[in-house]
Amino acid sequence: MRPVHGHPATAHPDLLIGLSVADDSGVYALGDGRALVQSVDIFTPVVDDPYHWGKIAAANALSDIYAMGGDPLTALTILAWPRDELPYDLASEVLRGGLDVMAVAACTVVGGHSLDAPEPLFGYAITGLVASADAVAITGALPGDVLILTKPLGIGIVTTAIKRGFCPPQLAAAAIAQMSSLNSAAGAALRSNKAHAATDITGFGLLGHLKEMCEASNVGATVRMSDVPVLDGVGDLLEQGAWAGGSKRNLEAVLEFVRSADLDIRILADAQTSGGLLVSLHVSDADAYLRAVPGAVAIGQISEGAGIAVV
């Protein structure tokens, strides 16, 4: 959700992180050194299998809590279902997938809401906890920080190829497994390694979310294209035309902010579902973070000034 300013309902002395900045979750101090971390996320199916869609939706919703350094506590289910078009057995599989991931996350599903709708939608509203002093916002990146990405890119390209019927089954399975995996280790390592800023990479792609971090922190950034992890086989799918309209709009939205010479940077604008965390932290803490989070890769650094240089 984009920032909203001025309304009294969006401000409170105990609100540590709210709508004044485009962050992943709201953070509200409880007064005892702890704070609530709250977020909601729903979307239409990104894969055909209902069970896997449920798993992916749960992991995606939980990611907003992990991106703030929080631990998920409770969840409310949100399900929209076209009851005259799709059998309820499929909805049960969606719910089962979500519950299986919530169990792994030790997040208790306490209720929810369902409704009849023209197309299926599924997700969760999540409440978590974090020590108020440990909450990680998108606003704290500092010049000289190392930029780390915790999951490979390419999910949007893969899901587009799945929808169009030309994604290799092995690549589709790898993407589904990645989307279903939790960012819990990446989130816990934010606290233990004193991360300055973090956000999860979702619909706006790497460049869109990095742009938000840079603008919120009044900094610039450099991304080393050759170091950015990408799912194996994604380049071939991109050449075959697996390039969604949302990702195209992502690229158009950041072009004025990005300097990239002659590099093809489409993968950096690819819209992700349940992507990894993008983390900014002091160079002295980077190696420890990389050791703590399997698959994490240093992809660049924060700089003074403005804009993103892709080299």
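## Helix H2 and its neighbours

Let's start inside this predicted model. The buried residues of helix H2 pack against H1, E4, E5, E6 and helix H4 (169–180). Those buried positions are Ala91, Val94, Gly97, Gly98, Val101 and Met102. Viewed down the axis of H2, they fall within an arc of 135°, so they line one face of the helix. The face turned away from this buried side carries Asp89, Ala103 and Val104, which are exposed.

After H2 comes Ala106, with a positive phi near 55°.

## The six-stranded sheet

Now for the sheet. Six strands form an open sheet with mixed pairing, in the order E1-E2-E3-E6-E4-E5. At its edges stand E1 (15–17) and E5 (108–116); each has a single partner strand, so one side of each is left without a neighbour in the sheet. On average, neighbouring strands are turned by 20° against each other, direction ignored.

Within the sheet, E4 (residues 71–81) and E6 (residues 121–131) pair in the antiparallel sense over nine bridges. Ala80, for example, has Leu121 in E6 as its bridge partner.

## Helix H1 on the sheet

Helix H1 (residues 50–67) packs on the sheet, where it touches E3 (34–43), E4 and E6. The direction of H1 makes about 145° with that of E3. H1 also meets the other helix described here, being among the elements that the buried residues of H2 pack against.

Terms used
Residues are numbered from 1 along each chain as its sequence is written. This is a predicted model: local features need pLDDT of at least 70, side-chain atom pairs count only at pLDDT 80 or more; totals for chains, interfaces and linings use all residues. Side-chain values use heavy atoms; hydrogens and water are left out. Two strands pair if DSSP finds at least two bridges between them. Helices (H or I, at least four residues) and strands (E, at least two) are DSSP runs, numbered from the N terminus. Axes are lines fitted to C-alpha atoms, for helices over the stretch in contact, and angles run from 0 to 180 degrees between N-to-C directions. Contact means heavy atoms within 4.5 Å. Buried means under 20% relative accessible area, exposed over 50%, partly exposed in between (1.4 Å probe, protein chains only). The arc is that of the directions from the helix axis to the C-beta atoms.
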